[in-house]
Amino acid sequence: MFENIQKKLSLAVKNLAGKGKITEKNIQDAVRQVKMSLLEADVNYKVVKDFISKVKEQALGKAVLESLSPDQEFIRVVKNNLVELMGGEKPEKIIVSRNPGFIMMAGLQGSGKTTTSAKLANMYQKDGKKPLLIAADTYRPAAIDQLEQLGEQIGVPVFTGDRKNAVKIVKEGKKYAEKLLHDIVIVDTAGRLHIDEKMMDELDQIKELINPEEILMVVDAMMGQDAVNSAKEFNSRLELTGLIVTKLDGDSRGGVIISTRQVTQKPIKMVGVGEKIEDIEPFYADRYASRILGMGDVLSLIEKAEKDIDQKQAEEDAKKMMEGKFDLDDFLKQIKQIRKMGPLGKILEMVPGMPKENVDLSKGESEMNKMEAIISSMTLKERRHPRILNYSRKQRISKGSGTTLQDINRLLKQYEQLKKAMKQFNKMGKKKFLGKMPF
Ligand code: GDP
């Protein structure tokens with residue numbers, strides 16, 4: 001994800017880094033690159049324009065111009081503004097306070113609405129609540145069966161009623177929830193391929209019936225501008241309370257996060273990061289901004305590594321890494337090396353995709369411990385070819401290392417991200433770049 005944005009931004013930074021000092025002229029060039037990258041990521045033009053004028057103003061300010069490493073300062077300015085654009089540092093929570101409280105799910109067919117409904121139900125169940133799913137997507141064939149199966153898998157009841165009339169299903173489902181004392185009711189509504197009046201009418205009626213505390217629209221990050229347009233329409237008709245962006249684990253252009261938020265002015269409340277039931281998480285704008293700007297952080301990490309660690313070993317590793325050849329065994333070596341560098345918090349902060357809450361030193365340590373434990377529980381073949389890690393292998397590793405499947409998937413993702421970033425970095429020509437870095 002975000003490859004495009006990253007590439008462009010790293011180019012902008014590269015150009016700045018060569019200059020040593022930032023001037024109005026080279027800021028203009030860097031800003032133009034940022035602008036292009038956001039436009040290419042499907043971010044709305046007006047949003048980009050406002051964003052750029054802010055970045056420009058701040059980048060030309062004293063702090064950046066007089067900084068010792070203006071390129072890093074510039075990244076900081078872009079990052080802060082990105083975070084703001086995506087809704088600030090604090091994740092917005094889904095709020096359900098009534099009993100039962102209703103969450104209405106909306107979205108186009110294929111956006112991941114049914115899957116996300118089950119993911120939410122699972123999350124609440126784990127949290128000690130007593131959720132009920134109401135299957136009112138009577139349009140997409142098999143949506144009701146799919147929700148039933150998911151419900152069975154996670155042990156959450158699914159109300160299906162007569163399976164034909166969505167409004168009737170919801171009406172009866174509501175009574176059922178009240179009778180059986182469910183405290184959170186998640187209603188999966190009709191998904192069509194396109195918005196039409198009949199569907200909107202039905203959604204209106206359902207909304208009226210349940211008076212939901214949350215109306216969450218599920219949008220597919222891969223859908224680009226179409227996702228943005230539909231979010232706008234849904235919002236004007238239903239008054240959404242928030243958005244859930246799915247498929248952020250894929251190759252999507254991250255612009256949907258920024259654009260849907262901007263056109264609806266509604267917060268992204270959760271993000272979907274995979275097909276499995278646990279693959280849902282709160283939206284940390286800060287983390288996504290870091291990911292977008294991941295290149296810069298990786299660069300600092302390498303710089304630090306080269307200074308602090310056994311030079312020869314580091315060079316060998318860096319070469320391997322940058323050719324995209326390093327496997328999980330090398331990754332384990334890296335982790336061990338990194339531990340020598342300390343303070344861990346600072347280093348973890350630089351690894352793209354690393355959860356920010358881990359910046360806390362003790363948690364950073366335990367994250368490293370987990371990573372070590374996971375890789376250590378793998379066979380050599382698995383470390384060399386992580387692709388063969390299927391579900392049963394992961395289960396074995398999870399048992400062996402005392403970690404969860406989620407931990408394992410997270411580690412694999414971080415490994416993939418680092419590998420990808422390194423490949424890009426390599427393309428840019430490391431020697432040339434580092435030689436020019438002003439530190
Ligand atoms: P609906 O028509 O909106 O109810 O869509 P579904 O819930 O059936 O999801 C459509 C497809 O997207 C399914 O194959 C899901 O497994 C997949 N999907 C949903 N959310 C995610 C996600 O966050 N990541 C990935 N990779 N796939 C997802």
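**Ground rules.** I am working from a predicted model, where local features need pLDDT of at least 70, side-chain atom pairs count only at pLDDT 80 or more, and totals for chains, interfaces and linings use all residues. Residues are numbered from 1 along each chain as its sequence is written.

**Ligand shell.** I found 21 residues around the ligand, taking a residue as near if its C-beta atom, placed from the backbone, lies within 6 Å. The closest are Gly112, Lys113, Thr114, Thr115 and Gly272. Helix 6 (113-126) and helix 7 (143-154) each give at least two shell residues, and helix 6 has the largest share, 3 residues. Helices here are DSSP runs (H or I, at least four residues) and strands likewise (E, at least two), numbered from the N terminus.

**Helix 9.** I looked up residues 197-210 next: 14 residues, reaching 20 Å from first C-alpha to last, close to the 20 Å expected at 1.5 Å a residue (the expected span is 1.5 Å times one less than the number of residues). Which residues of helix 9 are buried? I noted Glu202, Leu203, Ile206, Lys207 and Ile210; buried means 20 or more other C-beta atoms within 10 Å of a residue's own, exposed 12 or fewer, with C-beta atoms placed from the backbone. Seen down the axis of helix 9, these buried residues fall within an arc of 140° (taken from the directions from the helix axis to the C-beta atoms), so they line one face. On the other side of helix 9, I have Glu197, Lys198, Asp201 and Glu208 as exposed.

**Last jotting.** Just after helix 9, Asn211 takes a positive phi of about 45°.
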